[in-house]
There are 2 protein chains.
Amino acid sequence: MSSILPNKPVRGSGSGVPIMALFDILGRKWNMRMLWSLRQGALSFRSLQAECGGVSPSVMNARLKQLQAAQLVLLGEGGYELTAMGRDLMDRLDPLREWSAQWSAILEE
Amino acid sequence: MSSILPNKPVRGSGSGVPIMALFDILGRKWNMRMLWSLRQGALSFRSLQAECGGVSPSVMNARLKQLQAAQLVLLGEGGYELTAMGRDLMDRLDPLREWSAQWSAILEE
DNA sequence: CAATATCGCTATCAAAATAGTAGCAACCAG
DNA sequence: CTGGTTGCTACTATTTTGATAGCGATATTG
């Protein structure tokens with residue numbers, strides 16, 4: 001597993017620009033949804049898997065390793081949970097909820 | 001190409017929750033980066049391709065169709081450009097730049 | 001007119017990522 | 001021991017992405 005971190009060459013990039021590294025992580029299937037699900041609180045491997053519509057455990061595990069390496073997620077007592085940084089990231093993604101509601105409304109017309 | 005829109009069953013979801021549809025789009029490789037690149041202004045197919053490190057034109061085209069269907073991007077006089085909604089989305093993603101800088105700093109330690 | 005260059009884009013095939021299913025070892029409850 | 005969880009690995013199938021070549025259309029230059 002290639003650990004994807006800022007200031008290191010990134011999938012399809014090589015620039016090492018931090019936000020590109022972030023896009024590289026968020027641009028992988030399930031990562032956003034996993035983080036989003038963990039906002040509510042810690043979840044076990046299997047619960048998180050269920051939250052994500054039954055993703056393959058192999059993919060789940062790869063993602064969890066990646067998110068742990070990126071220090072966005074950690075495995076605590078009650079299961080997998082967001083780190084402080086992970087929570088901060090999700091907080092900043094929160095405006096997207098409002099946006100997506102408007103988006104949905106417009107696309108429905 | 002399965003057009004992915006809010007309130008329609010979404011890849012791996014089925015809930016039709018708007019933000020999940022958004023995650024589905026942003027969770028595909030290159031989409032975030034393409035939108036991010038277009039913030040600066042319109043780009044031709046080939047320029048955009050270059051901005052994304054030479055993505056396959058086939059993938060580029062599929063993404064552009066998807067983003068157009070989602071009304072985030074349109075093909076205007078000067079090339080591909082963000083719609084108003086696309087610009088709004090990118091504006092809301094802007095806090096991520098600051099976050100990713102901090103993230104980068106912490107991970108470097 | 002012909003040569004050249006760019007445009008958006010398709011077609012083809014290889015490589016990589018993801019999905020689907022089965023199952024293991026460790027733990028705890030009864 | 002039985003049965004239930006847990007996190008996770010192994011394996012194969014399918015989908016997605018990557019890499020390259022090249023087409024038809026338009027513009028530009030000589």
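**Reading the contacts**

Analyst: Start with one atom pair: in this predicted model, a polar side-chain atom of A:Trp30 lies 2.6 Å from a phosphate oxygen of DNA strand C. A polar contact is a pair of N or O atoms within 3.5 Å; within protein, one must be able to donate a hydrogen and the other to accept it, and residues adjacent in sequence count only if both atoms are side-chain atoms. Residues are numbered from 1 along each chain as its sequence is written, chains are lettered from A and ligands numbered from 1 in the order in which they are written. Local features need pLDDT of at least 70, side-chain atom pairs count only at pLDDT 80 or more, totals for chains, interfaces and linings use all residues, and side-chain values use heavy atoms, with hydrogens and water left out.

User: Which side chains reach the bases of DNA strand C?

Analyst: Among them are B:Arg46, with a polar side-chain atom 2.3 Å from a base nitrogen, and A:Ser58, with a side-chain N or O atom 3.3 Å from a base oxygen. Elements that give two or more residues to this surface are H4 of chain A together with helix H3 (45–51) and H4 of chain B. Helices here are DSSP runs (H or I, at least four residues), numbered from the N terminus, and strands are E runs of at least two.

User: How many residues are around DNA strand C, and which come nearest?

Analyst: A residue is near a strand if one of its heavy atoms lies within 4 Å of it. There are 15 around DNA strand C, and A:Trp30, A:Arg63, B:Arg46, B:Asn61 and B:Tyr80 come nearest. H4(A) gives the largest share of that surface, four residues.

User: What surrounds DNA strand D?

Analyst: DNA strand D has 16 residues around it, the closest being A:Arg46, A:Asn61, A:Tyr80, B:Trp30 and B:Arg63. A side-chain N or O atom of B:Trp30 is 2.7 Å from a phosphate oxygen, while a polar side-chain atom of A:Arg46 lies 2.3 Å from a base nitrogen. The largest share of this surface, four residues, comes from H4(B).

User: How much area do chain B and chain A bury between them?

Analyst: Buried area is the accessible area (1.4 Å probe) that two parts lose on being put together, summed over both. Chain B and chain A bury about 4,000 Å², 72% of it on carbon and sulfur atoms. B:Arg92, B:Trp99 and B:Trp103 supply 19% of the area that chain B buries against chain A, more than any other three residues.

User: How many salt bridges are there between chain B and chain A?

Analyst: A salt bridge is a side-chain nitrogen of Lys or Arg within 4 Å of a carboxyl oxygen of Asp or Glu. The count is two; A:Arg92 forms one with B:Glu98, with the closest N and O atoms 3.3 Å apart.
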